[in-house]
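Look at the sequence and structure first, then read on.

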Amino acid sequence: MEYCRITNIQDPLFQKMHQLMQDVFPPEEVLEFALWADPLEDPGIHVYVAVHNEDVVGATEYRYYEDFNVAMTDFTIIGQAGLGIGPFLAEKRAEDLKAMASANGKQLYGMFAEIYDPYRIDYHEFGGVKPMDPFVRREVLAHLGYKRLDFPYVHPSWNNDAEAVTGLDLCFLPMAEGITELSTELIVAFLRRYYSVLVNKPASWQTMIEELEAKDAVALLPI
């Protein structure tokens with residue numbers, strides 16, 4: 001299996017990846033094809049696919065914020081069961097992020113991820129691939145060490161239509177032992193940066209940010 005970076009929407013692998021995203025994710029979670037042009041060319045956004053027998057069987061997108069010393073996993077897609085795609089992507093991503101943090105003279109503090117709460121969302125088949133099932137993914141990520149940030153989370157739809165997407169938790173994977181909470185300063189700064197590309201944000205997102213700013217820290221709880 002190959003770990004290949006995509007930096008242009010004209011890359012045939014990107015066309016396969018975008019189709020895979022449409023097969024797996026709900027429509028509001030998939031950025032329109034043409035709108036990927038700028039993100040893919042952004043050196044700070046890392047989009048990789050797992051290629052097996054010339055097919056894109058998995059993908060992941062992530063980014064490292066040097067000033068925050070944290071990472072964000074935008075998504076991970078496992079297109080088939082039984083190939084070890086999940087561990088392959090996780091290992092390759094971890095190696096890359098470790099190298100980026102090291103080049104920044106630091107050890108990675110942790111990584112954010114949005115994780116579906118299967119108890120709060122309508123059932124979605126996620127392409128019929130069992131490893132993508134929200135119940136399975138949540139348990140896997142819990143075993144990896146992810147923790148849930150203790151506040152009601154909403155995020156702006158990637159359709160940029162000011163609609164709020166719910167049914168997810170904002171989670172964090174601390175890279176050191178003993179981290180039981182995160183400062184709201186870090187959380188708010190990260191969320192503002194991460195969603196700066198979306199001009200139209202729902203009122204509920206603005207309210208969430210204001211409520212976070214009224215606190216000093218948020219607890220990290222078991223998923």
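## Salt bridges in a predicted model

Arginine 193 counts as partly exposed, because its relative accessibility is 36%, between the 20% limit for buried and the 50% limit for exposed. Keep in mind that this model is predicted.

What does arginine 193 pair with? Its side chain meets that of aspartate 67 in a salt bridge, 2.5 Å from N to O. Aspartate 67 sits in the loop between β3 and β4, while arginine 193 belongs to helix α5 (residues 184-194), so the pair ties together parts 126 residues apart in sequence.

The count of salt bridges comes to 6. Three of them are set out here.

| Pair | Closest N to O distance |
|---|---|
| Arginine 148 and aspartate 150 | 3.8 Å |

Arginine 63 lies in strand β3 (residues 55-65) and aspartate 74 in strand β4, 11 residues apart. Strand β4 covers residues 70-78. Arginine 63 is buried, at 14% relative accessible area. Aspartate 74 is buried too, at 15%.

Which residues join these two in a network? Glu61, Arg63 and Asp74 are linked by salt bridges. Aspartate 74 also has a polar contact, side chain to side chain, with tyrosine 194 (2.6 Å). Beyond four places in sequence, its contacts are Glu61, Tyr62, Arg63 and Tyr194.

The remaining pair in the table has another setting. Arginine 148 is partly exposed, at 22%. Aspartate 150 is partly exposed as well, at 38%.

Note on methods. Residues are numbered from 1 along each chain as its sequence is written. This is a predicted model: local features need pLDDT of at least 70, side-chain atom pairs count only at pLDDT 80 or more; totals for chains, interfaces and linings use all residues. Side-chain values use heavy atoms; hydrogens and water are left out. Helices (H or I, at least four residues) and strands (E, at least two) are DSSP runs, numbered from the N terminus. A polar contact is a pair of N or O atoms within 3.5 Å; within protein, one must be able to donate a hydrogen and the other to accept it, and residues adjacent in sequence count only if both atoms are side-chain atoms. Contact means heavy atoms within 4.5 Å. A salt bridge is a side-chain nitrogen of Lys or Arg within 4 Å of a carboxyl oxygen of Asp or Glu. Buried means under 20% relative accessible area, exposed over 50%, partly exposed in between (1.4 Å probe, protein chains only).
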